[in-house]
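Please open the model in your viewer and keep the sequence panel beside it.

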Amino acid sequence: MDAQQYDEDLSQNLFFRKLQLDHQIFLDTAPIEGWIVCIPRSGSINEKCLTDQEFLLAQILVPNEELPETHFTNLSCADVRLNGRQLLTGGLKITILFEELFYTKDGLKYKIWCIERPLCDTRPYGLVLDDDFGKLITIRKLQDAVEFIRTVAKPRYVFSKIDAAVQTFIKHRSSFLNCNLKLYKEDVKKLYISCLEIILQNRKLKDRCQRDAHLKRNVKIAVETY
């Protein structure tokens, strides 16, 4: 995914809010020590992550004294290296989605990197982020929408169901050519909702959409585009 296409209100991010509520000391220390606070994007963490101290420590980077721009150690003592827009650690390649500056109550500024996933193995927390649902995808055209639906919306007959719903809509509308615009818009909305329901028959996808706003948005865009 093009990181420039991703945006998120960090004030609503559960991990950042947890830091502010229960671990403000880390945020107050960040500008003094030059730490960089990494915030995993919403949808890449769960409640188990928020209650584990080691998880928290893994997301805070301490710059190396000799190479402070590219080499770090997190507070869990793991080495992290910056290569372009990617953080490399423990076999993981994690994209920095965007950067923001925040300020403490004393007016000291510290840097936050919103990252595509946590800087640690998430499997101990019951999260598998390397599956089809965990991938960050930007849908720009019809081909992107088709590929996205094919990847996440199983079983495969989802396309035939959506096509059947569209054909039924077209057939129904052709007999009401002179209907008013308001009724037409209402019917289009019903068709859209029906197609969403077809895709979300995949229980795993539906559950992930409830906690991953970006995935949910992509499902909606894919349906609209297709």
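A residue is called buried when its relative accessible area is under 20%, exposed when over 50%, and partly exposed in between, with a 1.4 Å probe and protein chains only. By that rule, buried residues account for 43% of the 226 residues in the chain. The model is predicted, with local features needing pLDDT of at least 70 and side-chain atom pairs counted only at pLDDT 80 or more, while totals for chains, interfaces and linings use all residues. Residues are numbered from 1 along each chain as its sequence is written, and side-chain values use heavy atoms, leaving out hydrogens and water.

Now turn to the aromatic rings, of which 4 pairs are found in the whole structure; rings of Phe, Tyr and Trp (its six-membered ring) pair if their centres lie within 6.5 Å, and planes under 30 degrees apart count as stacked, over 60 as edge-to-face and the rest as tilted. Select Phe16 and Phe102: their ring centres are 5.0 Å apart and their planes lie at 70°, so this pair is edge-to-face. Because Phe16 belongs to helix 1 (residues 14-22) and Phe102 to strand 6 (residues 92-103), the pair ties together parts 86 residues apart in sequence. Phe16 is buried, at 0% relative accessibility.

Notes. Helix = DSSP H or I, 4+ residues; strand = E, 2+ residues; numbered from the N terminus.
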